[in-house]
Amino acid sequence: MPLNPNAAEKLRAVLTAFDHPPKALVRSFGCQLNFCDGEKYKGVLASLGYTLTDSPDDADVILFNTCAVRAHAQSRVTGQIGSLKSLYERNPNLIIGICGCMAEEEEVRELMRKSYPFVRMILGAGAMEMLPDALLRIYQENGKRFETGGLDGIPDESLPTVRDSKFAASVPVMYGCNNFCTYCIVPYVRGRERSRSPEAIEAEVRSLVAQGCKEILLLGQNVNSYGKDLAEPLDFPSLLEKLDAIDGEYWIRFMSSHPKDATPRLIDVMLGSRHIEHHLHLPVQSGSNRVLQEMNRRYTIEKYRTLIDYTREKSADFSFSSDLIVGFPTETQADFEQTLALIDAVKYDNLYTFIYSPRPGTKAAEMEQVSSAEEISARMQVLLARQREISEAHNARFVGKTCTVLIEKYDADAKKMTGKTREAMNVEITDNAAAEYIGRMVRVKITAAKNWALVGEIEVPAAHL
């Protein structure tokens with residue numbers, strides 16, 4: 001559904017009557033898809049006549065683009081909203097709103113009604129196009145709340161976007177999830193899987209490459225399910241092949257992949273490509289088959305290991321990262337020991353570890369917790385220490401090699417640059433570091449390995465990948 005042009009026109013007229021240039025602030029939380037949505041919210045607000053700001057004190061509209069995956073993410077949002085009460089009391093014309101995943105939860109809506117009456121706008125995760133209507137109604141009705149949900153369909157392809165980076169961009173390929181892992185709220189707040197057309201995705205990637213974008217992140221809750229719902233089905237490896245055929249100096253990466261759908265063909269396409277990064281984020285969540293079954297993950301550790309072994313036989317430098325949940329309700333110490341055995345065997349390059357967070361409405365939230373908080377915390381510390389040891393030893397395989405590195409940041413105080421290789425390995429560079437390298441691909445000789453990054457020295461800017 002496109003933006004309502006009538007509402008947009010009327011809203012612009014309202015904003016011209018302000019005694020100052022109207023400003024808007026968008027804060028995004030959670031996953032990369034949320035931050036991608038946040039860039040679209042910024043684009044829509046800018047198209048309506050708002051100037052974007054990072055300061056709540058200057059803003060006429062403050063929009064929280066929220067995440068509901070973990071309780072901690074929700075607590076951060078509610079804490080920040082609560083801190084704005086005094087600002088609203090000083091400026092009753094301020095519009096504070098929430099959108100995204102939290103806005104799809106009825107208990108959150110009820111919390112906003114009862115405890116945060118100064119939150120005047122609630123937009124569901126699929127209601128981005130309703131933003132002009134919401135703002136207009138609030139202005140016209142002198143402060144009344146506007147609420148709407150909606151999870152169907154694909155966001156309007158023509159929505160404007162304000163990118164946060166000049167050289168890196170996110171491109172959603174699909175929305176929603178059909179997997180219903182027992183610990184996860186995403187299918188309930190993001191809806192069922194909907195794939196964008198390959199033509200729309202290709203057009204967006206071509207445009208980004210033409211603008212000089214160096215890294216393009218393809219997004220979906222499970223990208224390996226891409227295309228199953230299209231009138232003419234096209235699987236994800238085939239989509240990657242289409243995008244890889246676009247000429248230019250850029251890399252493609254993607255997340256997330258569900259292990260039950262990741263195939264050797266996916267690996268073959270990645271390794272045979274010109275532009276796809278040699279890195280796969282493959283969330284395993286647990287090393288115990290019993291726990292995986294209770295998580296409804298629909299694969300075994302043996303099947304999971306098969307794909308990794310297949311990849312490592314073809315490329316020793318290919319990197320893997322993963323997600324792990326510590327303290328799932330039925331996880332025992334024996335289950336945790338199996339997780340440790342898995343990371344010892346796989347030797348992940350990076351792990352994203354989380355203590356289990358019960359989400360109301362999911363099956364896991366009804367399960368009895370068999371371990372104490374102290375036991376779970378101790379397991380997490382053991383896991384982190386083990387991964388640090390593995391990373392430092394495994395990273396050493398790059399020492400002495402020359403890699404292409406995309407420079408992402410420059411720290412003027414430390415006179416240090418940081419970037420990533422095609423294998424998504426973090427690299428720190430202190431020699432000849434300068435801000436003008438940001439967004440460029442350079443050749444770097446790796447001289448040392450730490451548990452969090454490689455260390456290297458610049459050779460020459462890379463003319464080709």
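This is a predicted model: local features need pLDDT of at least 70, side-chain atom pairs count only at pLDDT 80 or more; totals for chains, interfaces and linings use all residues.
Local features need pLDDT of at least 70 and side-chain atom pairs count only at pLDDT 80 or more, while totals for chains, interfaces and linings use all residues. Residues are numbered from 1 along each chain as its sequence is written, and side-chain values use heavy atoms, with hydrogens and water left out.

Let's start with the sheet. Pairing takes at least two bridges found by DSSP between two strands. E7 and E10 (residues 215–219) share 5 bridges, and serine 170 stands opposite leucine 217 in E10.

Now for the salt bridges (a side-chain nitrogen of Lys or Arg within 4 Å of a carboxyl oxygen of Asp or Glu). The structure holds 31 of them.

| Pair | Closest N to O |
|---|---|
| Arginine 196 – glutamate 204 | 2.9 Å |
| Arginine 290 – glutamate 294 | 3.3 Å |

Arginine 196 and glutamate 204 are both buried (under 20% relative accessible area; exposed is over 50%, partly exposed in between, with a 1.4 Å probe and protein chains only). Arginine 290 is partly exposed at 35%, and glutamate 294 is partly exposed at 28%. These two sit 4 residues apart in helix H11 (residues 289–295), so about one helical turn separates arginine 290 from glutamate 294. Helices are DSSP runs of H or I, at least four residues.
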